[in-house]
Amino acid sequence: MRHKEQPQGPSVRVLRVGEQVRHVLSEILARGDVHDDVLATHPVSVTEVRMSPDLRHATVFVKPLLGKDEAAVLKALRTNTAYLQREVAHRIRMKYAAKLKFLADESFDEASHIDQLLRDPKVLRDLGGGDPE
């Protein structure tokens, strides 16, 4: 009897729960359900949620609108983590309240930096995309 190979990425269930958590957190933050002055004045995008395979831990990637006051927003989210964990567990009806860990989403900054590099005249010349004249 052959053993099945282990799947390489997260399971469909883990991905689905991560997306549910992202949706619920986005809704909570958009509606202003968290009574926090910083979060009330800074719209926040929840860009991605990565769940652990056992669904007990969630890494939440966030980006404040326009990237303003990122440190203050992260501090406010971390201060209100217990409330957010309870709300997520209640709204998704999870067996355990996943521990939430908030991190800044740097992918936008990285993409912007790569785009900037690709527009550099020296790089364009090397890529053969310089002026056709």
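Me: Which strands does helix 1 lie across, and at what angle does it run to strand 1?
Reply: This is a predicted model, and in it helix 1 lies across strand 1, strand 2 and strand 3, while running at about 155 degrees to strand 1.

Me: How many residues does helix 1 have, and how far does it reach?
Reply: Helix 1 covers residues 12–31, which is 20 residues, and from its first C-alpha to its last it reaches 29 Å, close to the 28 Å expected at 1.5 Å a residue. Just after helix 1 comes Gly32, which takes a positive phi of about 75 degrees.

Me: Which residues of helix 1 are buried?
Reply: The buried ones are Val14, Val17, Gly18, Val21, Val24, Leu25, Ile28 and Leu29. They sit on the same side of helix 1, because the arc they cover around the axis is only 130 degrees.

Me: And what is exposed on the face turned away from that buried side?
Reply: That face of helix 1 carries the exposed residues Val12, Leu15, Ala30 and Arg31.

Me: Back to the buried residues of helix 1, what do they pack against?
Reply: They pack against helix 2 (37–41), strand 1, strand 2, helix 3 (70–79), helix 4 (81–92) and strand 3 (99–104).

Me: Now the core. Which residues have the most contacts inside the largest nonpolar core?
Reply: Those are Val21 and Met51, in a core of 29 residues. Helix 1, strand 1, strand 2, helix 3, helix 4 and strand 3 each supply at least two residues of this core, and helix 1 gives the most, with seven residues.

Me: What does Met51 touch, then?
Reply: Leaving out residues up to four places away in sequence, Met51 touches Val14, Val17, Gly18, Val21, His57, Ala58, Met94 and Ala98. Of these, Val14, Val17, Gly18 and Val21 are among the buried residues of helix 1.

Me: Changing topic to the sheet: what is the order of its strands?
Reply: It is an open sheet of three strands in the order 1-2-3, with mixed pairing. Strand 1 and strand 3 are the edge strands, as each pairs on one side only, and the twist averages 25 degrees from one strand to the next.

Me: How many bridges join strand 1 to strand 2, and do they run parallel or antiparallel?
Reply: Strand 1 and strand 2 run antiparallel and are joined by seven bridges.

Me: Is Leu55 buried or exposed?
Reply: Leu55 counts as buried because its relative accessible area is 9%, and this residue is found in the loop between strand 1 (44–51) and strand 2 (57–64).

Key: Residues numbered from 1 in each chain as written. Predicted model: local features only at pLDDT ≥ 70, side-chain atom pairs only at ≥ 80, totals over all residues. Heavy atoms only, no water. Helix = DSSP H or I, 4+ residues; strand = E, 2+ residues; numbered from the N terminus. Buried < 20%, exposed > 50% of the residue type's maximum accessible area, 1.4 Å probe, protein only. Expected span 1.5 Å × (residues − 1). Arc of directions from axis to C-beta. Contact = heavy atoms within 4.5 Å. Pairing = 2+ DSSP bridges. Axes fitted to C-alpha atoms, helices over the stretch in contact; angles between N-to-C directions. Core = buried A, V, L, I, M, F, W, Y, C linked by side-chain atoms within 4.5 Å.
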